[in-house]
Every structure is written in structure tokens, then in C-alpha cells.
Amino acid sequence: MNIPETRWMQDLQRLLPIRSQYVVSGSIRDSFLLSLESGANGATLVPFNRALWEFLKRNDYRLLLFYDPVDGMRVYPDEDSQRDLATRLFDFKLTDGCQQMSLESLSKLMKKVSAEREIRCALVLDFASRITRKADQLSEAEHRFFVAAEKISLNANAIIPRETGGAPQFNPIFWLVNRAQDLPSWFTLDSERVATLVISKPDFEIRQAAALQLAPLFAGYADASPEVRTQFVKSFTEGTEGMSLSALADITELADRQKLAIGDIEDAVRCYKVGVLDNPWRKDYLREKIRGAESFIEDRVKGQRPAVTKTLDILKRSVMSLTGAQARSSGSRPRGVLFFAGPTGVGKTELAKTLTQLVFGDERAYSRFDMSEFAEEHTSARLLGAQLGFIDSAAGGELTNAVRQKPFSVVLFDEIEKAHPRILDKFLQILEDGRLTDGRGDTAYFSETILIFTSNLGIYVEDAQGQRNQNVKPGDSYETVEFKVREAIGNYFKFKLSRPELLNRIGDNIVVFNFISADVAAKIFDGMLRNVARRLQEELNLQLAMPASVRDELLLRCTRDLSNGGRGVGNQLESNFINPLSRALFEQELEGKQRVTVTAISEADKVISLTLQLA
């Protein structure tokens, strides 16, 4: 089997003749796929130290030394011949395979390794991020150590070993760090002989090769047809985009423990990502619930049939796992993406809650983020988590924490246009890759979520003078409202934000809500009035009654202006009925009363009063 060589090995091969030291960061704790005679089919997954040693051996290096601040110096691999060679060349006194060293002794060893001419050798400073407490606040001994290391990098020469000959190459020193900035900045900037290597996550080709190696460990692989095996490798490779090879090995171990066979690879990957094996999206009862969902939704979201129909179409696509089916790979994208646009108070947020209840049976699976709270760039730390080293970095981000806690959920971003544009950039990664890494380095996976964005864009537009003008109004046809709102959304993302790529990720998932009509407003009013009556019965044990004439007058007062939708109806009901009703009842003796009848509504000096009869 042909194993593709990783990028960092290619870079190292190119740089060995011209660079003496390397600051190595990135996926240094990952596993790497190498061709070895001892592995199955000549390949196996190995840690970085083994991968580096195999690489160096191919380049005629005979000795590899490892240092870390805890165990001190040791030889890799820990074999008698290697220990004897290290002792002869560098006068080691190894106890249990290790030798403690001060920074001063370590710098002397670095100088010896760089100048050694008998054989090719290399030195690795593991956990180099922990050599100092703070890279910008070095003690005198630490500062002297790094100055010595800089001098060694500049004074070192490429050598031709006496024992083997060959082309000139340096005896390299490798600094393994969590982040390049963990070392003093001047150390890497001021020496041309110090190279920076970042080990990236494995690409598609390498993950595919690893999947082929791990495949025989899955139950049912031996008896599977070639087509099933091919599909397994494809699903395993595509489903682990952005993940390490160690993660692939962990998924294999998880599948074995959970008794997941070759045909259950998607379940194994999802279980690794979100920690849950059970998948609500595959439940038969969900399809049954969605079949009868239109009446359930319209009972809570009134007068928005076109929006409800399109929302259900997108939801059905999510349940059938066909979201992004036109792309080569879409397994990690969110289950569904919806962009609810339209006037205020017409049911956008209520529809998000209703979908949560419908799909997950619990509104608590709904997480809402008011994006007006993230209008400043610095608020991204609150949403996504502060970077390590900053205040509250250990807390993580509100968004990433919410998705990790509830991986099967609806996530609502309310009034998305009010968020800072830099924060909006993060949604590109979520919509495309279905994952986001917070300041702590923890990854949250959005592959099982429904993302809903709400917006009032397009209701008002700015003219050339910056004045806000109403773009659509109550009474316009739905076709007019939909066209103008979609056009305004497109103009906002393309021209005002200059981020057409975000609009492209949302695609045709824009759902436009209409203004509520008078008939719908009356239904909303009656529903709210019933809620008031129920509260009176629950709290005061009073039955509410009113003649039709009073109800009609109250309806007229509450539905004169429909530009604020159902929320506006509720606000008017509170002002015209709930407040004066509370004032009137407060002055009455209610002991023994069971019924309150509102017989009249009056207004004097802009104060609304009710006439009551208690029985």
C-alpha cells in the first residue's frame, strides 16, 4: 500500500541542509501513518517520536535524543545499542534510562550535538512550552539559555559524518511547543537558521489511507463485499474531516466497545463527536410527527402558511439526510439551516420554538443568542471563548458550550444583522464544516443541530442620504414582500458587508414571513384573550366574561396597527385591557367572588378604564 508522506516530513527533507533548529507546533501529539514492515500491510499508526526517528533513519541519522523538563534526557529508541552510543559520544550517566539536566547543561549538550561529526544525530526538546513560565518574562537563567540556543543555531554548520559520508546536513534541534509564541519571539525572528514547522491535521488522502488500515478492525469487514468496504472507507474519511489520525483510532476503539459494525461507521463517528449514540434524526416516530406537523405548527404560528411549508420542506430534507446532497461531501454540515426574515412580531422566534418541540419533544433543546449583544468585535470572546492566556479562557464560549451540552438541538441567532461582521465570519466555518473550536482548543460539532437565523432586514432600507424608509408594508402581497425582502438581504450581504460567501452558504434556505392580516390578528387576539382568562382562573379563581360588543371594541383597539405583528397585538392588549383590569380588580374585595364580567371600556384623558360586575 502506498502511504502518502506528510507535509511536515516533506518540508523537513527540504530544510535539513539549510536549517539547524526547528520550532514544531500543531498536531505534535497526533499519530502518523508510516510504512513499516511490522505493521499490517506494511503500514501502522505511530506517535511523533517514532515517525521522526523513522524519517531520520532514512536520512542516515544514527542517534535521537529526547529531553523534557520532567524526565530530563533520554535516548530514543530505548535500546542498549543507542544508550551505549549516546554514553560514548556525550558522556551520559543514565539512571533508569534518564538523566536530569539543568538549563546550563542542556545548552552545552545542544552545542555538542550540533557540532558532532562522527555520526548524524538529532535532539528533541519535548514540552518546550514548559521550559519557561512566561515567554515574555524570562528569568536570568532562562534568558541566558535562549541566547545560547540562538548562538548555537547561527554557529552550527552542516556536516558530512566521518562514519557514513553523504551530502552535508545539520544535526537538527527540534523544539516541540503547543504554540510558536510559547518561546521568546526574538528567538525565531532573529535567527534565519531557526525554521518554524506547523504539523497540520491530516488531509483527505492521508485519512483515507488510515481508514483503509483501520477497516479490518471493524466487525463484519472480513465478510463484507468490495462495494461495502469502499463505502465504509468513503464514509469514514469524509466524516472525519478536520480530525486527527488519533481520533480515527479512537473511533475504531469506540466502535469495538459499542459493538458497532462496518455498516455503523456514521454512528461511530457521530458518537465520538457528540458523545451520544442514540440518533433522534433516525427515529421512525419523527417522520410520523412531521407528516402531521402543518396543523401543529399553524396552531402556534398563525397566518404564515408559505413560510411554514418551506420550513417543513427543509426539515424533511434534514430528516432524510439530504442536506447538501449536491456536494461531494456534506456529512459534517448542520442538519438544517434556516434564515427567517420578515417583519417583527410575526412568529419567527415562535416557529423556532415550535420546531424544537416538534423534533426534540422539548423546548429546552432550544438555545437562543440575541445577536444585538454581540455588536462589538470583542464580544466574540464571550460567544466563542477567550483565547488561552486571557481572562475567562477556561470558561469556553457560550455557543460552543451550548452545542457540546446539547448536540441535538435548535440554535437560534436572533437578529443576526446586528452582530459584528467579524463574528459573522465564524458562521462561514460552522455552515461549511459543521464545527467550531473555542479559545480552549475544544471543538464543538454542529452536525446534529438545526441553525436558525432571524432578521428584520428588508422591512426598512436606507436611501442615499442614510435615511430609513419603509420598503414593505402591511397590505402588500406576499409575493411583493418576499421579493423585496430577499433583494434587501442579498444587497446587505453582498454590498454592505462584502460577504457574499456567507449568503451563498445560507443558499435558498431564506424563509420570508408576511405581515399578519386582520383575520390572523383576530385569531391571535382571541388566543391571547383566552390566556388572560386562564390566568385569572388559575391565580384569582375568577371566570372572565364580556359581551360581544366589548370584545369587538377591544379587538379594534388592539389591531389598529398591524406593523408590529402579533407582538404588537399583545402590547396593545396589555395597555387596553390587562393594565386597567388589574387596576380595577386591585380596588375590589374578591373574597367569595367567582365571576368577573367586563361590561364597558371607556377612555378619559388617555386613561383607559373598565366597568366590572363581580358575582
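Predicted model: local features only at pLDDT ≥ 70, side-chain atom pairs only at ≥ 80, totals over all residues.
# Helix packing and a few buried residues

Helix 20 passes helix 22 in a right-handed crossing. The axes of helix 20 (residues 518-540) and helix 22 come within 10 Å and cross at roughly 35°.

**Helix 20 against helix 22**

- On the helix 20 side, the contact uses Ile524, Phe525, Met528, Leu529, Val532, Leu536 and Leu540.
- Helix 22 answers with Gly566, Val569, Gly570, Leu573, Phe577, Ile578, Leu581 and Leu585.
- Sorted by class, the residues in this contact come out as 13 nonpolar and 2 polar, with no charged ones.
- The spacing in such lists has a simple background: an α-helix has 3.6 residues a turn, so residues three or four places apart point the same way.

**Helix 21 against helix 22**

- Helix 22 (residues 565-586) also packs with helix 21 (residues 548-558), at an angle of about 125° and with the axes 8 Å apart.
- The crossing of helix 21 with helix 22 is right-handed.
- Helix 21 brings Leu554, Arg557 and Cys558 to the contact, and they meet Val569, Gln572, Leu573, Asn576 and Phe577 of helix 22.
- That contact of helix 21 with helix 22 is made up of 5 nonpolar, 2 polar and 1 charged residues.
- Val569, Leu573 and Phe577 of helix 22 turn up in the contact with helix 21, and Val569, Leu573 and Phe577 are also listed in the contact with helix 20.

**Helix 4 against helix 5**

- Over in another pair, helix 4 (residues 103-115) and helix 5 (residues 140-155) have axes that come within 10 Å and cross at roughly 5°.
- Helix 4 and helix 5 are therefore roughly parallel to each other, since the cut-off for that label is under 35 degrees.
- Leu103, Leu106, Ser107, Met110, Lys111 and Ser114 make the contact from helix 4, while Ala141, Glu142, Phe145, Ala148, Ala149 and Ile152 make it from helix 5.

**Helix 2 and Leu52**

- How many of the residues of helix 2 are buried? The count is 8 of the 11, so helix 2 is largely enclosed by the rest of the structure.
- The buried ones in helix 2 are Phe48, Asn49, Ala51, Leu52, Trp53, Glu54, Phe55 and Leu56.
- Leu52 sits in helix 2 (residues 48-58), and its relative accessible area is 0%, so it is buried.
- Set aside the neighbours within four places in sequence, and Leu52 is in contact with Trp8, Leu12, Leu64, Val124 and Phe174.
- For a sense of span, the C-alpha atoms of Leu52 and Thr354 are separated by 55 Å, with the two residues 302 residues apart along the chain.
- After helix 2 comes Asp60, with a positive phi near 70°.

- Arg499 is in the loop between helix 18 (478-496) and helix 19 (500-506).
- Is Arg499 buried or exposed? Arg499 is buried, because its relative accessible area of 14% is under the 20% cut-off.
- The Arg499 side chain makes a polar contact with the side chain of Asp425 at 2.5 Å, and it also reaches the backbone oxygen of Leu497 at 2.9 Å.
- Beyond neighbours within four places in sequence, Arg499 is in contact with Pro421, Arg422, Asp425, Phe493 and Lys494.
- Asn514 lies in the loop between strand 18 (510-512) and helix 20, and is buried with a relative accessible area of 15%.
- Not counting residues up to four places away in sequence, Asn514 touches Gln304, Pro343, Val346, Asp476, Tyr478 and Val481.

**Ala533 in helix 20**

- Back in helix 20 we find Ala533, which is partly exposed at a relative accessible area of 24%.
- Apart from neighbours within four places in sequence, Ala533 is in contact with Leu542 and Leu544.
- Ala533 and Ala545 are 12 residues apart along the chain, and their C-alpha atoms are separated by 8.4 Å.

Terms used:
Residues numbered from 1 in each chain as written. Heavy atoms only, no water. Axes fitted to C-alpha atoms, helices over the stretch in contact; angles between N-to-C directions. Helix = DSSP H or I, 4+ residues; strand = E, 2+ residues; numbered from the N terminus. Left-handed = near helix turned anticlockwise from the far one by under 90°. Contact = heavy atoms within 4.5 Å. Nonpolar A, V, L, I, M, F, W, Y, C, P; charged D, E, K, R; others polar. Buried < 20%, exposed > 50% of the residue type's maximum accessible area, 1.4 Å probe, protein only. Polar contact = N/O pair within 3.5 Å; in protein donor to acceptor, adjacent residues only side chain to side chain. Parallel < 35°, antiparallel > 145°, perpendicular 65-115°, else oblique.
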